[in-house]
Amino acid sequence: MLGLAAITLGALCALVLLGLPVVISLVASVLMFLAFSGGWAMALPQQVLAGVGDYLLITLPLFILAGGIMNATGIADRLFDFGAALVGWMRGGLAHVDVAASVMFGGMIGTSVADLAGTGSVTIPKLKAHGYPGPFAAAVTATSSGIGVLIPPSSPMILYSVVTGTSLGALFLAGVVPGLLLAAILMITISILARRNGWQPMNSFEWTRVIRTGVHAILPLGMPAMILGGLVFGIFTATEAGAFAVAYSLILAGLVYRTLTLPKLRQALVDSVILTGEVLMVVGFSTALGWALSQSGVPAALSSAIDTLVPFESVTVRIFALLLLALIAGMVLDPLIPMIMPVLLPALLAMDVDLVHFGVLIVMTVVIGQVTPPVAIALLVAAKIGKEDVWDVTRANMPFLYALFAALIILTLFPALSTTLPALMN
C-alpha cells in the first residue's frame, strides 16, 4: 500500500507541474488510488463532504469578503501614506513602506495573494517611478505580502485550525510577534541592499505627518485589533468575528469614506465567491487525499522514517525534518496546509509537539512556498502587476528568500516567540 501511496503522490505532483488545476489533480489522484486499491468509490464524496462540513470554515468566506471590500475601496492609499510617514525616512524608504503597508493591509485581508493585489498595484509602480529596479520592486512586494498570512486574521490559520482542532484565537495571537519579526528581518535586508545600491530615503521624519496620516488610517487599522480583542476576551466566536469584519468593512467603506459603490460591492462579492469556492474544493478533496494516504499507512511510515533518520531524541530536529518535507511540498502544492497536515498531524501528536507553535511554522512554509519555484504564485502575480519577467523577479528575490529561511529557523529554535502571547492571554 505504501507503494501505491507513493505513486498517488507522484501523480499529484506531476499533474500540478503539467499545469492542471489543483482540484482536478487531487480528484484524479484520489480516483487513481481508489481504482488500484479496490476501495469503495463512495468514500470519495463522503470524505469531501466531511472535509468541508466543519462549522469553523464559515469564517473563511466572511474574512475574504471583508478584505475584498476593503481592497476595492481604496483603503490601501491611507495605509500607504501612514507607512510612508513611519518608515519613509530610512535608506530605501519606499521599499520599507512596502513592508509596512503589508503589515497593516495584511491584517485586514488575511491572504497573501489578495494582500499582494491590494498593495502591489500601488507600491510596485511607485517603486519603479522612484528609480528602483522593476524586478526588485516586484520581489520585495511579493515577499512582504507573506506577512499577511501571519498577522491576524489569516486564512491559512483558519484552515490549520479546521484540520488540527487548534484554537483559532490562540493561532491568531501566535502569529502577531512572528509577523512583526518577519517584517523586521525584511527591513534589515532592504537596508543592506539600499546601502549597497545607494537608495535614498523618500522623506524626512515628521511627527506632524505621522499624526495626520495615522488619524486617517486609524479606522482601517481598528478592524484587526477589534477582531483579535473580541476573540481573546470572548466577546464573539470565530464565525461571529467574520460577520463583524464584513459589517465593519461595509460601514467603513460605505458610510464613513463613501467609496463603496454597487459595482465595487458586486465585484468584491464575485471575487469572494470564486476564491472561497476554489479553497473549499481544495480542502474537501485534500481531506479525501489525506484519508487515502492514512489508509495506506503513510503517517505511521512517516513517523518510522523520522525515528530512523533522527535516532536521537530531539523534538527540534524532528520538527526541522517535518518542515523540510513541508517546504518541498509547498514548492508545488498551493494551498499547502489542507493537503499536508492530515499526513503530518499523527507524527506531531506522537512527538507531543505544541500545535500552536507548529501552526506558525507551517504558515511560514506557506509563505516560503509562494515565492519558491517552480510554482511561486506570489512572484507570478507580482511580475504580472509590474510587467516584469518572472525569472528576473525570482533572481531579485533571492536575498528575501534567505531572509524568510532565517525567520523560519529563528521561530523554530525559539518557540516562545509564538507561544508566549497566547499563554499570557489564557
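Ring pairs join Tyr132, Phe136, Trp199 and Phe400 into a cluster, where rings of Phe, Tyr and Trp (its six-membered ring) count as a pair if their centres lie within 6.5 Å. The model is predicted, so local features need pLDDT of at least 70 and side-chain atom pairs count only at pLDDT 80 or more, while totals for chains, interfaces and linings use all residues. Residues are numbered from 1 along each chain as its sequence is written, and side-chain values use heavy atoms, with hydrogens and water left out.

A search of the whole structure finds seven aromatic pairs. Planes under 30 degrees apart count as stacked, over 60 as edge-to-face and the rest as tilted. The rings of Trp89 and Phe205 have centres 6.3 Å apart and planes at 80°, so this pair is edge-to-face. The two residues belong to distant parts of the chain, 116 residues apart: Trp89 sits in the loop between helix H5 (75-87) and helix H6 (93-109), and Phe205 in the loop between H11 and helix H12 (207-232). Helices here are DSSP runs (H or I, at least four residues), as strands are (E, at least two), numbered from the N terminus. Trp89 is partly exposed at 43% relative accessible area, and Phe205 is partly exposed at 37%. Buried means under 20% relative accessible area, exposed over 50%, and partly exposed in between (1.4 Å probe, protein chains only).

Tyr132 is buried at 7% relative accessibility, and Trp199 is buried at 12%.

Accessible areas come from the Shrake-Rupley method with a 1.4 Å probe, and for residues only the protein chains shown count as cover. The chain exposes about 17,400 Å², and carbon and sulfur atoms supply 70% of it.

Looking at the whole chain, there are 22 helices and zero strands. Buried residues make up 55% of the 426 residues. Among contacts between residues at least 6 apart in sequence, 78% join residues at least 24 apart, a contact being heavy atoms within 4.5 Å.

The largest nonpolar core has 117 residues, and Leu348, Phe358 and Ile362 have the most contacts inside it. Its largest share, eleven residues, comes from helix H18 (residues 355-369). A nonpolar core is a set of buried Ala, Val, Leu, Ile, Met, Phe, Trp, Tyr and Cys residues joined through side-chain atoms within 4.5 Å. Leaving out residues up to four places away in sequence, Ile362 touches Tyr160, Ala326, Ile337, Ile340, Met341 and Leu344. A second, separate core of 15 residues includes Val30, Phe33, Leu44 and Leu289.

A search of the whole structure finds three salt bridges, each a side-chain nitrogen of Lys or Arg within 4 Å of a carboxyl oxygen of Asp or Glu. Lys128 and Glu388 meet in one of them (3.0 Å, N to O). The two are 260 residues apart, with Lys128 in helix H7 and Glu388 in the loop between helix H19 (377-386) and H20. Lys128 is partly exposed at 35% relative accessibility, and Glu388 is partly exposed at 23%. Glu206 forms a salt bridge with Arg209, with the closest N and O atoms 3.8 Å apart. The side chains of Arg395 and Asp392 also meet in a salt bridge (2.3 Å, N to O). Because Arg395 and Asp392 are three residues apart in helix H20, about one helical turn separates them. Arg395 is exposed at 55% relative accessibility, whereas Asp392 is partly exposed at 31%.
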